[in-house]
Amino acid sequence: MDWGALHTILGGVNKHSTSIGKIWLTVLFIFRIMILVVAAEKVWGDEQDDFVCNTLQPGCKNVCYDHFFPISHIRLWALQLIFVSTPALLVAMHVAYRRHEKKRQFIKGDQKCEYKDIEEIRKQRFRIEGTLWWTYTSSIFFRLVFEAVFMYAFYFMYDGFRMPRLMKCNAWPCPNTVDCFVSRPTEKTVFTVFMIAVSSICILLNVAELCYLLTKFFLRRSKKAGNPKHHPNHENKEETKQNEMNELISDSCQNTVIGFSS
Amino acid sequence: MSWGFLRDLLSGVNKYSTGIGRIWVAVVFIFRLLVYVAVAENIWKYEHDEFECNVKQPGCENVCFDHFFPVSHIRLWALQLIMVSTPSLLVVFHVAYRENREKHHDQKLYKSPGEIDGGLLCTYLISLVLKTGFEIVFLFLFYKLYNGFKVPRLVKCDVRPCPSTVDCYISKPTEKMIFLYFLVATSGLCIVLNVSELSYLIFKYSIKCYLKRYVKKHQ
């Protein structure tokens, strides 16, 4: 169980994402998770061992390390990645629920269901409309919130994104103000800045995706508002939904005027 | 043999779960198992090496560490994950037993496999009760063994062969405390999910039973 499992879980969501969503997922896996596992973990690997204080007083190093690093950068990043990936699960669950409903309809032998077999239901790609739109948009919103919260937590806890070489510590049992030296401060600063930059890119991608979805929603609404005036048969809500479903169905579907049958 | 086995087991159980059960599996996978493997294990990795006592007496550090950490947090966490996931095996075994019987008798003895009914419902409810029980037991164990969920920076130790009361310093106490609270929060969430699933199933099937009896009476 590791990041690979997260990749498997989120990979399924990829099919039902917008293009911007797919780019976001790629950036997440390549520039964040992979960099974390392959490089960043090694840079922070020896952080307490090589954290050296200019004192022989036992316990001073431990206490100073704990004082300056309440939660390590690498752990914060890992938590950030987990929390930021989780909203995509909402979408995965919604899609799975829809598939389950369609499967149930198919098994019951419902006349309304137009699929030839279960494989078609499994492979089907749902469009981001209706309730799925709301789920998808909320998931992007939560992603943005989590990214922002973690970036702020970083900035707040470490007074900016720079890792100093030297820290002065006078926590008990250190006998006086001692100099403590952080291991690999420049390398850590480079990686911190890199991770923050990629976080910002992900935030921008999420904002762009949100704007795109909202624009699509309002355009669709204005189109629908325009249509009923010209249509002689005033469609009710159910028939509109049925028509949307019909649009999703492949060309092999025989009966295309089900919505108007009543 | 590693956590991948647990992951496969839980994925198998997912098929026979209710909606809330699937949310529980997702929470266990992502917020407990993944956080444990990818994040928490590294925090406790060198806990013994980094545990330092203000004394040169050989053996004192070892004895003090053993005194304050009879079972390390991270081991208790791993045990909790394993024990909490195991009751789901009961459901898997029961389903396998059903399928075996159907094969043996060469006919369909039970309703559709996705449906939880009769004996399978009982097994499912028992597994929920056991899961909740294990969660509560482990949380209580954590609380009792470590005097709450705090990790102090400094502990005073006077166990032999330490010559007197010595100061011992625990490494990364704040980080450990943050993750302990995280563990408690996710445990609490899982308990809530289990209890709601239990109530939902009991309510659903009592209504079903009651309606059946009502229909029979009036026939």
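In chain A, residues 146–213 carry the UniProt annotation "domain: Connexin cysteine-rich", taken from an unreviewed entry. The model shown here is predicted.

A helix pair in chain A involves α7(A), which runs over residues 131–158. Its partner is α4(A), formed by residues 73–85, and the two pack with their axes 9 Å apart at an angle of about 170°. Angles over 145 degrees count as roughly antiparallel, and α4(A) and α7(A) are therefore roughly antiparallel to each other. Their crossing is right-handed.

On the α4(A) side, the contact is made by H73(A), L76(A), W77(A), L79(A), Q80(A), F83(A) and V84(A). Helix α7(A) contributes R143(A), F146(A), E147(A), F150(A), M151(A), F154(A), M157(A) and Y158(A). By class, the residues joining α4(A) to α7(A) comprise 11 nonpolar, two polar and two charged.

Attention now turns to chain B. There, an unreviewed UniProt entry places the feature "transmembrane region" at residues 21–39, 77–97, 118–143 and 178–203. Two of these spans may be described through their secondary structure. Residues 21–39 of chain B are 100% helix and 0% strand, with the end C-alpha atoms 25 Å apart. Residues 178–203 of chain B are likewise 100% helix and 0% strand, and in this span the end C-alpha atoms lie 37 Å apart.

Definitions and conventions
Residues numbered from 1 in each chain as written. Chains lettered and ligands numbered in written order. Predicted model: local features only at pLDDT ≥ 70, side-chain atom pairs only at ≥ 80, totals over all residues. Heavy atoms only, no water. UniProt positions renumbered as here; feature names shortened; annotations may be inferred. Axes fitted to C-alpha atoms, helices over the stretch in contact; angles between N-to-C directions. Helix = DSSP H or I, 4+ residues; strand = E, 2+ residues; numbered from the N terminus. Parallel < 35°, antiparallel > 145°, perpendicular 65-115°, else oblique. Left-handed = near helix turned anticlockwise from the far one by under 90°. Contact = heavy atoms within 4.5 Å. Nonpolar A, V, L, I, M, F, W, Y, C, P; charged D, E, K, R; others polar.
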